[in-house]
Amino acid sequence: MNKIGFVLCSVMLSLFTINASAQIRVNNGDDSPLRKLQFAEVAINNLYVDSVDEKKLVEDAIRGMLEKLDPHSTYATPKEVKELNEPLNGNFEGIGVQFNMMQDTLMVIQPVTNGPSEKVGIIAGDRIISVNDTAIAGVNMSKEEIMKRLRGPKGTKVRLGIVRSGIKEKLEFTVVRDKIPVHSIDATYMIRPGIGYIRIGNFGAQTYEEFVASLKKLQAQGMKDLILDLQENGGGYLKAAVDIADEFLKRGDMIVYTDGRKTKRYEYRAQGGGRFTTGKVVVLVDSYTASAAEIVTGAIQDQDRGLVVGRRTFGKGLVQRPIDLPDGSMIRLTVAHYYTPSGRCIQKPYTKGGAKDYAMDMVNRLKSGELTNADSIHFADSLKFETLREHRTVYGGGGIMPDYYIPLDTTIYTKFHRELAAKSIVIQSNLRFVDNHRKELKQRWTDFADYKQNFEIPQSLVDEILAEGEKQNIKPKDDAELQKTLPYLRLQMKALIARDLWEMSEYFSVFNESSEIVKKALEVISQD
């Protein structure tokens with residue numbers, strides 16, 4: 001039995017009695033904090049004026065203790081644990097479709113290749129209107145409830161009622177649920193001759209294998225240099241980050257080390273034999289790049305293996321250890337700090353118990369002007385470090401500062417554009433357009449390079465979006481705002497259509513052409 005289990009069992013075996021006068025006695029009087037907590041729980045559960053949910057009472061107590069620590073020590077219920085683990089474990093069990101809600105109907109964007117739905121004949125554009133004879137369309141059912149009905153254990157069967165364009169009668173399919181892969185690589189493609197692009201969404205159990213496959217694919221296409229996009233990557237498994245960083249470094253190079261009060265220092269070093277130890281590397285980051293993503297970024301920057309472009313990263317330098325509880329719930333407890341190869345801890349400042357203030361950090365960065373002006377960022381001299389080979393100055397104590405800062409252009413998307421998107425007018429118009437023109441689009445645009453070069457959003461689609469906006473009282477304040485909105489609206493629609501006709505790689509291939517961070521990365525790589 002482990003130490004935690006022994007302590008919990010000892011607490012459960014402690015004797016207590018409640019006498020007729022409602023006094024509580026704990027045998028073998030002990031004023032330890034643990035016994036005090038137990039005493040309080042027993043008193044509330046047995047004496048409180050109203051009935052209480054003992055399970056919730058204990059969960060609230062655990063949360064209360066953790067909230068007084070750092071912002072990243074958390075408690076999760078069994079249901080929350082499963083939901084949190086699915087994207088990191090690399091799969092879930094279900095029917096295998098990418099879908100979106102068009103009005104109140106589930107529309108299949110694409111069935112997962114070789115997945116259970118594709119195997120029975122479900123195709124893009126199909127509308128799922130019933131699950132096991134229960135209507136899910138036209139009944140205002142939430143997306144979460146629909147997903148709950150579609151997912152289920154591998155091997156179980158589910159009957160789907162389908163409406164298909166051009167077919168009058170309702171179709172029925174019986175799908176045998178299976179494990180559905182969840183990919184953490186969002187995009188892999190050649191952005192320029194000799195230059196590859198890989199975007200990682202998070203670091204999960206399968207990320208390293210996906211990354212290696214992406215590297216091999218691009219190298220087969222002639223990749224010499226690489227743009228590694230970690231924007232909006234919130235992190236994940238430490239091991240995945242270490243394994244990926246290893247692919248860029250030489251044997252013995254430090255990747256990261258961890259150290260804590262009760263956790264002795266542990267170093268992670270490159271094992272050698274990496275698949276991309278030569279060639280230029282540029283890492284793209286922003287203020288939502290965090291945790292494991294910062295480990296990869298810090299290793300590449302500190303070892304002078306590549307350069308970093310973007311904005312200051314999130315600043316999460318704390319290591320959590322999962323502690324499984326008997327009922328399937330979990331405590332994620334911070335047990336150590338991690339340090340980049342130069343010795344910097346990039347954890348941003350926090351006050352214990354100050355989770356609300358911590359959560360406002362991004363808002364404060366915007367208000368302070370940091371996201372639009374690098375000169376507003378100031379680091380104390382005590383936070384100054386040097387990279388290991390070229391001795392360039394880098395900083396700790398508040399995220400990773402890029403080598404090339406790119407300000408956030410808050411004017412790209414107008415208020416009018418943001419309101420159209422917020423009301424789902426853009427995405428709904430895209431879904432309708434692809435649904436109505438899928439066959440002709442696929443016949444005309446068989447080659448993505450041709451599409452990217454020559455496809456233009458028809459004016460009729462733009463007019464439809466504007467008309468729907470006006471119907472919902474969303475209008476540009478003047479013609480100047482309209483004219484500023486249209487180029488990015490067209491670009492967004494073109495990228496969305498590319499995603500629906502192909503994959504996310506094609507979406508980013510279109511969208512990245514307007515990204516100032518990506519443009520700077522290409523410029524940096526082209527420098528001698």
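Colleague: Is Glu145 buried, partly exposed or exposed?

Modeller: Keep in mind that this is a predicted model. Glu145 has 28% relative accessibility, so it counts as partly exposed.

Colleague: With which residue does Glu145 form a salt bridge?

Modeller: The partner is Arg149, and the closest N and O atoms are 3.3 Å apart. A salt bridge is called when such a pair lies within 4 Å. Both residues sit in helix H6 (residues 143-150), four residues apart, so about one helical turn separates them. Arg149 is partly exposed too, at 29% relative accessibility.

Colleague: Which parts of the chain does the salt bridge between Arg159 and Asp133 tie together?

Modeller: In that pair the closest N and O atoms are 2.5 Å apart. Arg159 belongs to strand S9 (residues 157-163), while Asp133 is in the loop between strand S7 (127-131) and strand S8 (134-135), so the bridge joins parts 26 residues apart in sequence. Arg159 is partly exposed, with a relative accessible area of 36%, whereas Asp133 is exposed at 58%.

Colleague: How far apart are the closest N and O atoms of Glu267 and Arg269?

Modeller: They are 3.1 Å apart, and the two residues form a salt bridge. Glu267 is partly exposed at 32%, and Arg269 is partly exposed at 36%.

Colleague: Which residues are linked in a network of salt bridges?

Modeller: Arg312, Lys348, Asp361, Arg365 and Glu370 are linked in this way.

Colleague: How many salt bridges does the structure hold?

Modeller: The count is 34 salt bridges.

Key: Residues numbered from 1 in each chain as written. Predicted model: local features only at pLDDT ≥ 70, side-chain atom pairs only at ≥ 80, totals over all residues. Heavy atoms only, no water. Salt bridge = Lys/Arg side-chain N within 4 Å of Asp/Glu carboxyl O. Helix = DSSP H or I, 4+ residues; strand = E, 2+ residues; numbered from the N terminus. Buried < 20%, exposed > 50% of the residue type's maximum accessible area, 1.4 Å probe, protein only.
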